[in-house]
Each structure stands twice: as C-alpha cells, then as structure tokens.
Number of protein chains: 2
Amino acid sequence: MTGKKTFAIGIDLGATTIKSGVVDKKGKIIDQLTVETRANKGPSTVIQHIVFSVRELFSKHKQASCCGIGIGAPGVVRIEDGSVHHPPNFSGWTEVALAKAIRNAFSVPVFIENDANCAALAEAKYGAGYEFKDFLFVVWGTGIGGGIILDRKIYRGPHGGAGEIGHLSIDYNGRECNCGSRGCIEAYIGQRYLSQRTKEILEGRRKDQEPSKIIELVDGNLEKIEPSIIAEAAELDDPVATEILEEAGDLLGSALASVMNILDLRVAVIGGGISAAPHFVFKSVEKSLRARVLKPHKNGIRIVRAKLGNSAGIIGAASLVF
Amino acid sequence: MTGKKTFAIGIDLGATTIKSGVVDKKGKIIDQLTVETRANKGPSTVIQHIVFSVRELFSKHKQASCCGIGIGAPGVVRIEDGSVHHPPNFSGWTEVALAKAIRNAFSVPVFIENDANCAALAEAKYGAGYEFKDFLFVVWGTGIGGGIILDRKIYRGPHGGAGEIGHLSIDYNGRECNCGSRGCIEAYIGQRYLSQRTKEILEGRRKDQEPSKIIELVDGNLEKIEPSIIAEAAELDDPVATEILEEAGDLLGSALASVMNILDLRVAVIGGGISAAPHFVFKSVEKSLRARVLKPHKNGIRIVRAKLGNSAGIIGAASLVF
C-alpha cells in the first residue's frame, strides 16, 4: 500500500437501500450516497446498483487513492469465495458470488462480510465497543441479530454463521418463530411483535383510562405503530410504552444471560433501531441480565448503547479493507 | 523434550475421588490410581492427596520419563497463574494456587484446566470428537457442563469460564435453578431432577398399572433412583423410564439448538453418566435439535456418544502436557 491511498469504500447492502460511503482510516465517513436496492429485480440489478454507487463515489474521489471496497451483506456470507447465500427479502438470490462481481468492475481489492458482523466491527474499532476487547453486539431492530467480538476480531464460527442470538429460545414451548422453532427471543422483542403487542394492549384499554400518547403520535392509526414511536412515547413517560419496553428489556436480558454464560462475556453493545430508546430500556436489560447470569460473570456486566447508529454498516464494511 | 520422556500424568480432581493415571502419547492409560479427595478437610489435605497419588505413580514409573503433570479441576481455573476458584463441594476453597503447589512438589512441568474442558479435549484428541474440527462437548451427569472445541482447541473465553451450557435457560419463567436463575436446562435434566421426577411419576401411578421395572431395580426404595437406573430400565423397555429419558433428550435438543445457532456448530458429543444411556436418548436429542436449529445449520447436525467414559478426565488432563 502506498502513502497515497487514503480511503476505503464501505457498502451497506440492505433489502431496501444500498448505502455507500467514502471512509477515511479513522473511520470517518467523508462522503456518502444512498440508492434503491430493487432487491425484487434479482441479483444482476442489485449488482448494477452497487457498481453505480461506487462509480458515483469514484467520480468525486480518485480510485487511485482507494485502498479497497468493503461490503456488508445480509444472509450467510462465505468469506472464502465472497459469496452471499439466501439474504432475506432478496428475490432470486440463492447463492451469488458478489465479491467477484464487484472485483470484475473495479481494479481495487474487495472484501465482504455479514452485515451484523460489519456493524459489530465498526463499534469495536470506532464506537461503543472500543474500550472492550470482547463483547457481544446486538442488533435490535426488525429482527434480532448479533455479532461476537473476541479479542477485537469477529468470531465467525466454522461456517461463517455465528452470532444468531435472535434465535436463542427463551421458552422451549413458547411463541412460534418465523424460523420454524419456538420461543426465539426475536419472536418476543422484534419490531413486528413489539408493534403488534402494543396495538393489542391499546385496543384492550378501557375508555375511562387516560389515552396513551402512542395514539396521538400515530394520529389514531394503530397500524402505524413501530418501535421508534413506542420509544418516543416512552420518552414522554407514556405508561403503556414504558411497560412494553421495560418488559422487552427484561426478556432480552434473560436471553443475554444465556449467551454470556456460554461465551464467558460480560459486555453487550446494543445497536439497531432501538438504540435510540430511552435509558431505562438499557437499564432494564442490564438488571435482568445481572440477576440471571452466573455469579463469576456478575462483576463487570455492562450494557452499552451503540454509538454509530445507521453509519455502523458503512464504517464496518470499510473497516474490512484497512 | 528428550526421547526418553514417554508419558504424562493426568489427574482428574473430583469432590469425592482423585483419579490419576500414567498416560502415553497415544492417549492410552497404562496405569492408574484412585484415592479419596476428602474435599471437606480443606485445600491442604486435597493437595497432599494429589501429591501422594503422583508419588505412588512415580514409584512404579520413573519421574525422569515423565513429560509433565496435567490437572483437570472443577470450578473456574485461571490458566495464567494456575489457580482454582470456588470448586463446588470443596470446603474452605475460595482461590487456591493449585498448579504452583504441585510444581513445588515435583520437578516436572505442571498444567491445569477446567475438568469439563479436559474431558472435551480428550474426546477431541482421542475419542468421539476426533473426526470433527469443531464441536460442543456436553457433560450430562449430576449437572450439565460443557466444553467448546473450536479448530481442535478449547475455547476458554476471555475469563476462562466459557461453555456453561447447563445454565442456558430454556424457559425464562421456568423452574428455579441452584444458580439463582430460572429455567436453566440443568434444572430439567440434571441427575437430581431426573431422579425426582421419576419418583413422582412412579408414586402417582395407579395400582392397576403394570409395575415399572425401575421399582424392581431399586428394590422398592424410590430414594435409590438415579439416572443409571433409569437408563437400565429403559434398556428393558420400561415405559416410564423411556418417557422420561425421551423428554429429557427433547429438552436438551432445544437447548443445543440455541447453542448451535450462536456458535455456528453442528456437532455435539455427549458424555457424562448418561453416555451409557440407550441409543433412543441420543436420537431424541438429535431429532429435537434438528427440528429447532436454523436452516443453514440443519445439514450436518450430529449427536455423538462420547467414547472415553470415566477415563476422559485423566486422559484430557494428561493431554494438556503433550
């Protein structure tokens, strides 16, 4: 690498948008671009949109100064051949040699990794995980994902699929999960379920109770409820929103206790949509985790809010290059 | 190491007995000895009994030919200073520099590791895990312990406490566990609970039902029920014993699905007292695991019976040396 190469391109491939950015060696995004993914059009369209994004960035930032391109992709990513397998919500995409396709378009090195792992890496190198050598990164959003950071590196597992903490079952006889199992934590605190449960509670309230702030925030349309709305209502001390998020935090804490006991970890960094939630949610996770984890683990238990927000994907993807 | 050094001594430190053995480089025990631990007398007595055992073995096998001594100890073992912390059922034992104490007595290298990890290593190097690079070792006995083998090595975790799969909760609202949490798999399939549950089922049976073979095997004294008896009755096709073990296998499978999803593993080797159980128990674990684990993990799921039985502790401890 010569002294002239100063930045990397990070690409956060989502089912709705492709976010790409020019990232410097300190993990700072100096330029960025969002385009539609059109995942329903099949792999070649998606690849074209990625190539387009990179070309756009190279039109303003010289390719000669680029160390390489890093891609964070959903689904299982096989590092050996840079292929992406079964990303959810991508049509006609069983197994695609994505890294190879991007390498063919540009004469710079191309790296690829699972998207949750990229976000975990970003928090480890530049965010809330910087002070911890080992931690669990939790993506709390539509689903519940995870990345395991050991000795500042991703633990990928023998087949590249490690960290699926959303499918840790907290009740072997519990709610059905989309994955086919029962009681997965994702089925209790994922976006869809949280919104559904809030709706049910609001519909079941008596007329003489004070109206929830949530109803105001969605203009009376309960179909519009989503976790960011619940979080907003909780900030306004709405009792329904507070109860739901506290309960969700308690359940996540019980799942994390199992993970910590197995992996011998102490720290969880929580990102995803919920990382904008009020402080008491994080306290609720921590309290439940501390009450349930094995004694030798109790000291040093820490629940930390992720720092990089939506940028974690781009920054983490770029950090694959450096 | 000179060519003359041909064996290691492996010590399996239990709360009841200290099992020690002379083990060759192929993992074969060529001589062995069992003495009482007298764990209730405190650390110095236990150390004396270990030293006595090693002296006995050295009286028949020349110390000059010994590569070193390996110790498998219960509790949390800190590798850095060879100390053993809070082993259950050892009186007055908070933190003891066990490796140092043994080093002071003999002029050979001394190594130490957690006992479940030692058994896992033994199965990895010489037993049922030999054909697998990565697997989970499950100790199914009085409690439920575990050892995680990654790339043929122990995954110890940042603080040396990894692999506590007995304290993965399968029901956040479930049975109280001795550890203070709820729903730990150990509280459902550990020795004490299995025996208790069997007793309750037998006591609740109607007089006109065919008497269970278990009652015969314990001469009518239900206090004598233990997993080996249940396993024996199941071998004789006793329906109560079969039901209990099948149910236990199903629960263990659901816990293992969570572990496999997090660690990206496919294979579990099951040891401990239950490894003498009939084949259908292992089938029950496998069926439940396969039904619950994430799709990309389903291929290659294997539940394997441990091969080394009670010798795994000695052999694994000795293997720390080679």
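Chain A is divided into domain 1 (7–121 + 312–319) and domain 2 (128–306), with bounds that come from an automatic or database domain assignment. The model is predicted: local features need pLDDT of at least 70, side-chain atom pairs count only at pLDDT 80 or more, and totals for chains, interfaces and linings use all residues. Residues are numbered from 1 along each chain as its sequence is written, and chains are lettered from A and ligands numbered from 1 in the order in which they are written.

The C-alpha centres of domain 1 and domain 2 of chain A are 27 Å apart. Between these domains, 10 residues of domain 1 of chain A are in contact with 12 residues of domain 2 of chain A; contact is defined by C-beta atoms, placed from the backbone, that lie within 7 Å. On the side of domain 1 of chain A that touches domain 2 of chain A, strand 5 (76–78) and helix 3 (115–126) of chain A are the elements that give two or more residues. Helix 3 of chain A has the largest share of that side, 5 residues. Helices (H or I, at least four residues) and strands (E, at least two) are DSSP runs, numbered from the N terminus.

Within chain A, strand 12 (residues 267–271) is largely enclosed by the rest of the structure, because 5 of its 5 residues are buried. A residue is buried if 20 or more other C-beta atoms, placed from the backbone, lie within 10 Å of its own. Val267(A), Val269(A) and Gly271(A) point one way from strand 12 of chain A, and Ala268(A) and Ile270(A) point the other way.

Strand 12 of chain A is joined by 4 bridges to strand 9 (residues 135–140) of chain A, and the two run parallel. Strand 12 of chain A also pairs with strand 13 (residues 302–305) of chain A in the parallel sense, over 4 bridges; pairing requires at least two DSSP bridges between two strands. Gly271(A) is the bridge partner of Val139(A), and Ala268(A) stands opposite Ile303(A) in strand 13 of chain A.

Between the chains, 33 residues of chain B are in contact with 33 residues of chain A. Helix 8 (239–263) and helix 10 (295–298) of chain B each supply at least two residues of the side of chain B that touches chain A. Helix 8 of chain B gives the most, 8 residues.

The table lists the classes of both contact sides. Ala, Val, Leu, Ile, Met, Phe, Trp, Tyr, Cys and Pro count as nonpolar, Asp, Glu, Lys and Arg as charged, and the others, Gly among them, as polar.

| Domain 1 of chain A, touching domain 2 of chain A | 8 nonpolar residues | 1 polar residue | 1 charged residue |

Terms used: Buried ≥ 20, exposed ≤ 12 C-beta atoms within 10 Å, placed from the backbone. Contact = placed C-beta atoms within 7 Å.
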